[in-house]
Amino acid sequence: MTARVTRVAGPTTSVRGLFGVALNDLVLVGEERLLGEVVRIEGDLATVQVYEDTSGMRPGEPAETTGGPLAAELGPGLLGLVLDGVQRPLEALAARQGDFLARGASLPALNRTRTFRFDPALVPGQRIRGGEVLGRATPLGGPPGRPETVLVPPGTAGRVEGVKSGDFRVDDPVASLEGGRTLSMMHRWPVRRPRPVARRLPPDVPFLTGQRVLDCFYPVACGGTAIVPGGFGTGKTVLEQSLAKHASADVIIYVGCGERGNEMAEVLDEFPRLADPRSGRPLLERTVLVVNTSNMPVAAREASIYFGVTLAEYFRDQSLQVALMIDSTSRWAEALREISSRLEEMPGEEGYPTSLASRVAQFYERAGRAVPLSGEGEGSVTVVGAVSPPGGDFSEPVTQSSLRASGALWALSADLAHRRHFPAVDWGLSFSLDAPRLEDWFRREGAPDWVELRDEAMRLLQRERELLEIAQLVGVEALQDSERVAIESARLLREGFLRQSALLAADASSPPAKTVALLRAFLHFHRQAADAVGRGVPLRAILDSRLDEQLLRLPEATAAEAPGAAAAVTRAVDETLASLEAVL
Ligand SMILES: Nc1ncnc2c1ncn2[C@@H]1O[C@H](COP(=O)(O)OP(=O)(O)OP(=O)(O)O)[C@@H](O)[C@H]1O
Ligand SMILES: [Mg+2]
C-alpha cells in the first residue's frame with residue numbers, strides 16, 4: 001500500500017502509511033518527490049518537514065521513505081564545492097538547470113563522473129576497522145588537486161579480500177571484504193550523529209586567528225568553540241571571513257546560514273576569488289561553502305549546520321585541523337523555532353522550543369581535538385558561531401544558550417563599531433575559558449613573557465576605564481599627569497594594538513611574533529612615559545613629541561618587518577624621553 005499525504009501546511013506535511021519509518025528518516029513527498037525529514041510519529045501518521053517549497057502539493061499525493069536518516073556524502077572531491085543546506089552542489093545544479101533551482105532537483109553532492117586515481121593503503125588478508133585509511137585519491141583531469149585520504153566508513157569491520165588500484169569514480173568499488181561487502185571511496189554518514197574518534201585530546205594548542213585582540217586576550221584552543229554575538233553591522237561577517245582566510249586551519253567549512261540573500265550572493269561572488277594567504281592558490285581549494293539564504297525553506301536551513309559539522313568531522317578524521325564558521329547560528333535557531341511552532345509544540349522563552357539550550361549544547365559538543373579512529377595523527381574541529389541577537393540584546397535565549405555551551409565569548413560592541421574601532425571586540429565583556437590552558441603554548445612558542453605582557457595590557461585597559469569614569473565626574477584636567485599618562489597609553493594601545501583593519505593587507509592577519517612585538521612597544525612606552533612623568537617631565541612635552549604617531553604606524557608593518565619596526569620605535573621612545581629629561 002502506498003503512503004499518502006493527508007495534510008499540507010507550508011513545509012509541514014502529514015503522511016499516513018509510512019510503515020517502519022523512524023524519527024529523522026528521509027521521505028520523498030508528493031508527485032514531485034520533494035525531500036523531507038520525519039520530525040514526529042504518532043501511530044501510522046508521520047509529520048514530515050519538507051526542505052522545499054510545497055505549494056501546489058495536495059492531500060492524496062504519494063510519499064515514500066528512503067529507509068534512512070538525513071546523511072552527508074563523504075569522499076574525495078568535497079573541497080571547493082558550494083553546497084546548499086541539504087548538500088546539493090549549487091554550481092552543478094545551476095549548470096544543469098540555470099540559476100533558479102527547480103523543485104525536486106536532485107544531484108548528489110559528490111560528482112559521479114569525476115575520476116580519481118586510487119592508491120590503496122591495504123593489502124588482501126588484512127583486518128580493517130572503521131576510520132582506518134583505505135587509501136589515497138588523487139583527482140584526475142581539471143585543476144591539479146592534492147591527494148585526499150580515503151577512509152573506511154566508521155562501523156565497518158572485516159578482512160580485506162581484494163583491493164584495486166587505478167582510476168575510479170567515487171562510487172566504484174575499490175575494495176571487497178570477506179562476506180561480500182564492497183567499499184568505494186565515498187560513504188554516507190547521518191548528519192545528526194557525531195562521528196566517533198579513538199581518543200579526545202586536551203585543548204592546549206591555540207587556534208590562531210591572526211586577530212591580536214583575540215589571540216592575545218581571548219584565545220581559543222584548536223578543537224574549542226567561540227561565539228561571536230553582535231548587533232547589526234558590528235562586523236560578524238567580516239570577522240568570520242577573515243578567520244576563514246587567516247586562521248590556523250587546514251580546511252575551512254563555511255556555513256552561511258539564512259542570512260539575507262544578497263549577503264550570501266556576496267559570499268558566493270567573493271569567496272571563489274579570494275586567494276589563500278598561505279599558498280597563493282584560491283582559498284576555495286581548502287574550503288567547502290554551505291549556503292542557505294533566508295528565502296530557502298526553514299528545514300533546509302535547520303539541517304545546514306549539521307551538514308557543516310559532519311563535513312568538518314570527516315576532515316578531522318583525516319587528521320586535519322578544521323575550522324567551522326557559521327554565520328549566523330541565530331538563523332538556525334529561528335528555523336528551529338518556526339518548525340517547532342508549526343508542530344504546535346509548547347513554546348519556551350521567546351517562542352523558541354524548550355529544547356533550544358540542549359540542542360545548542362549538543363551542537364557545540366561536536367567540536368574537539370582528537371586522535372581519529374585510524375590512530376594516525378590528530379585532527380580538530382574548531383567552531384566559531386556568529387550570533388545575531390535582535391537589537392543587540394545579549395540577554396536573549398540564543399545568545400544565552402550559546403554562551404553556556406561555548407568556551408569563548410567574542411562579544412562585538414555596537415559602540416566600538418559605531419566609532420569604527422574594528423574588530424569591535426568588547427574587551428570588557430569577552431572571555432575565554434581556554435586561555436589558562438594555552439598559556440604554556442604562548443610562553444613556549446610566542447614569547448616567554450607573553451602572559452605577563454597580556455596581564456599588564458589588561459590592567460592598563462582596566463585602569464583607563466576607572467580613570468575615565470572619574471574624569472567624567474571631575475573633568476580630565478582635574479586628573480594628575482601620572483593618571484593622564486595611563487589614559488594616553490591605553491588610548492594608544494586600543495588604537496594601535498587592539499584595532500586591526502581587515503582592509504589593510506599588511507595587518508589583516510597578525511601572527512604571534514608581530515602581536516608580541518607591538519604589545520611590547522606599546523607597554524614599553526607606557527612604562528617609560530610613566531617613569532618620566534614621575535621624574536617631572538611634563539606630560540604635555542611627551543604628547544608633543546609625536547611618539548604616538550610612530551606607535552600608531554606600527555600595525556602597517558608586515559609580520560616580517562614588525563619586530564624591527566617595534567625595536568626602532570622603542571629606541572625612539574628611550575631617546576626622546578631621555579632628551580626631555582635632560583632639559584629639565
Ligand atoms: N575588521 C574590520 N575592519 C574594517 N572594517 C570592518 C571590520 N569589521 C567590520 N567592518 C566594517 O563594518 C561593516 C559591517 O560589517 P559586517 O557586515 O561584518 O557586520 P555584521 O555584524 O555581519 O552585520 P549584519 O548584522 O548585517 O550581518 C563592514 O562592511 C565594514 O565596513
Ligand atoms: Mg553579517
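A salt bridge is taken here as a side-chain nitrogen of Lys or Arg within 4 Å of a carboxyl oxygen of Asp or Glu. By this criterion, Glu 73, Arg 112, Asp 171 and Arg 188 are linked in a network, and the structure holds 39 salt bridges. The model is a predicted one, in which local features need pLDDT of at least 70 and side-chain atom pairs count only at pLDDT 80 or more, while totals for chains, interfaces and linings use all residues. Residues are numbered from 1 along each chain as its sequence is written, chains are lettered from A and ligands numbered from 1 in the order in which they are written, and side-chain values use heavy atoms, with hydrogens and water left out.

Helices and strands are named from DSSP runs (H or I over at least four residues for helices, E over at least two for strands), numbered from the N terminus. The side chains of Arg 33 and Glu 64 form a salt bridge with an N to O distance of 3.0 Å. This pair links distant parts of the chain, 31 residues apart, with Arg 33 in the loop between β3 (25–29) and β4 (34–42) and Glu 64 in strand β6 (residues 62–69). Burial is described by relative accessible area, with buried meaning under 20%, exposed over 50%, and partly exposed in between (1.4 Å probe, protein chains only). Arg 33 is partly exposed at 44%, and Glu 64 is partly exposed at 38%.

A salt bridge of 3.1 Å, N to O, joins the side chains of Asp 204 and Arg 369. Here the partners are 165 residues apart, Asp 204 lying in the loop between β18 (199–200) and β19 (206–207) and Arg 369 in strand β25. Asp 204 counts as partly exposed because its relative accessible area is 33%, whereas Arg 369, at 10%, counts as buried. The side chains of Glu 464 and Arg 494 also meet in a salt bridge, at 2.7 Å from N to O. Glu 464 belongs to helix α11 and Arg 494 to helix α12 (residues 481–498), so this pair ties together parts that are 30 residues apart in sequence. Both Glu 464 and Arg 494 are buried.

Attention now turns to the ligand. There are 17 residues around ligand 1, and Gly 233, Lys 236, Thr 237, Val 238 and Ala 502 come nearest; a residue is counted as near if one of its heavy atoms lies within 4 Å. Helix α3 (residues 236–246) gives the most to this shell, with three residues. The shell divides into five nonpolar, seven polar and five charged residues, where Ala, Val, Leu, Ile, Met, Phe, Trp, Tyr, Cys and Pro count as nonpolar, Asp, Glu, Lys and Arg as charged, and the others, Gly among them, as polar.

Polar contacts are pairs of N or O atoms within 3.5 Å; within protein, one atom must be able to donate a hydrogen and the other to accept it, and residues adjacent in sequence count only if both atoms are side-chain atoms. An oxygen atom of ligand 1 lies 3.0 Å from a polar backbone atom of Gly 235. The side chain of Lys 236 places an N or O atom 2.8 Å from a ligand oxygen, and a backbone N or O atom of Val 238 is likewise 2.8 Å from an oxygen atom of ligand 1. The protein covers 78% of the 630 Å² of accessible area that ligand 1 has on its own, as given by the Shrake-Rupley method with a 1.4 Å probe; for residues, only the protein chains shown count as cover.

Two buried residues in loops make polar contacts with the backbone. Asp 434 is in the loop between β28 (431–432) and α10 (435–446) and counts as buried because its relative accessibility is 6%. A polar atom of its side chain is 2.9 Å from the backbone nitrogen of Ala 221. Arg 366, in the loop between α7 and β25 (368–371), is buried at 4% relative accessibility, and a polar atom of its side chain lies 2.7 Å from the backbone oxygen of Val 191.

Some backbone details complete the picture. The peptide bond from Asp 327 to Ser 328 is cis, with omega near 10 degrees, and Ser 328 sits in the loop between β24 (321–327) and α6 (329–342). A cis bond also runs from Phe 422 to Pro 423, with omega near -10 degrees. Gln 87 is not a glycine, yet has a positive phi of about 70 degrees.
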